[in-house]
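Please read the following briefing alongside the sequence and the 3D view, which come first.

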Amino acid sequence: MKIACRELTPGLWPDLERLFGPRGASAGCWCMFWRLEKGEKWPDVQGAPNKRRFRKLVHDGKVHGALAYAGDEPVGWVSFDRRVDFAKLDRAPSLACSDAERVWSVPCFFVKSGWRGKGVADALLAFAMKTMKRHGAEIVEGYPVKTDGGKKAPAAFVYTGLEPMFAKAGFTSAARRERGKQRVRLALR
């Protein structure tokens, strides 16, 4: 089935809520993990507090992202925004960079069970890159998980995407690490 992507608007909140389900996509994250402010503890915001905060950001137009659809069914999500809007990125020493104010980031994907491995994340990444370029982005970063010899990793650990997907889209390594999340970049201009 063809995958169609749409940029997030407040009017699409019901579709996002339907996709994320009662658990908030991944253990109550509601796409707030990278937005945690210094000093906040995950158990204090997980679940309903994250949902309320994310919903407010969406309704205030302060979140960029896209939903993927198969027909009328939402099957995937990608979050993207200016890197400085993801406060936790700069607090992760392995992901730090010196030009954060010029960078947009793609830190999170969620693909509905049953739709994984079918090109949904690829379609979302391609759509996100076009949308970020339209918003004036110069540089885009991703933080994919380094694959370990082709072994399949649990979905909960690959929410930032996989290296081959970013490489196929033209991203190159910005900071190679032995394992874990990598930092990859693509110049849009």
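**Aromatic cluster, a helix pair and a strand residue**

Trp-13, Phe-20, Trp-30, Phe-54, Trp-77 and Phe-110 are linked into a cluster by ring pairs, where rings of Phe, Tyr and Trp (its six-membered ring) pair if their centres lie within 6.5 Å. The model is predicted, so local features need pLDDT of at least 70 and side-chain atom pairs count only at pLDDT 80 or more, while totals for chains, interfaces and linings use all residues. Residues are numbered from 1 along each chain as its sequence is written, and side-chain values use heavy atoms, with hydrogens and water left out.

Helix packing
- The axes of helix H1 (residues 13-20) and helix H3 (residues 48-59) come within 11 Å and cross at roughly 150 degrees, which makes H1 roughly antiparallel to H3 (angles over 145 degrees count as such).
- In this pairing, Trp-13, Leu-16, Glu-17 and Phe-20 of H1 meet Lys-51, Phe-54, Arg-55, Val-58 and His-59 of H3, contact meaning heavy atoms within 4.5 Å.

Aromatic pairs
- Across the whole structure, a search finds 11 aromatic pairs.
- Phe-33 and Trp-42 form an edge-to-face pair, at 5.9 Å centre to centre and 70 degrees between the planes (edge-to-face means planes over 60 degrees apart).
- The rings of Phe-166 and Phe-171 are also edge-to-face, because their planes lie at 90 degrees, with centres 5.0 Å apart.

Around Leu-186
- Leu-186, found in strand E7 (residues 183-187), counts as buried at 17% relative accessibility (buried means under 20% relative accessible area, with a 1.4 Å probe and protein chains only).
- Leu-186 and Phe-171 are 15 residues apart in sequence and 4.8 Å apart in space, C-alpha to C-alpha, and Phe-171 is likewise buried, at 6%.

Definitions and conventions
Axes fitted to C-alpha atoms, helices over the stretch in contact; angles between N-to-C directions. Helix = DSSP H or I, 4+ residues; strand = E, 2+ residues; numbered from the N terminus. Parallel < 35°, antiparallel > 145°, perpendicular 65-115°, else oblique. Buried < 20%, exposed > 50% of the residue type's maximum accessible area, 1.4 Å probe, protein only. Phe/Tyr/Trp six-rings, centres within 6.5 Å; stacked < 30°, edge-to-face > 60°.
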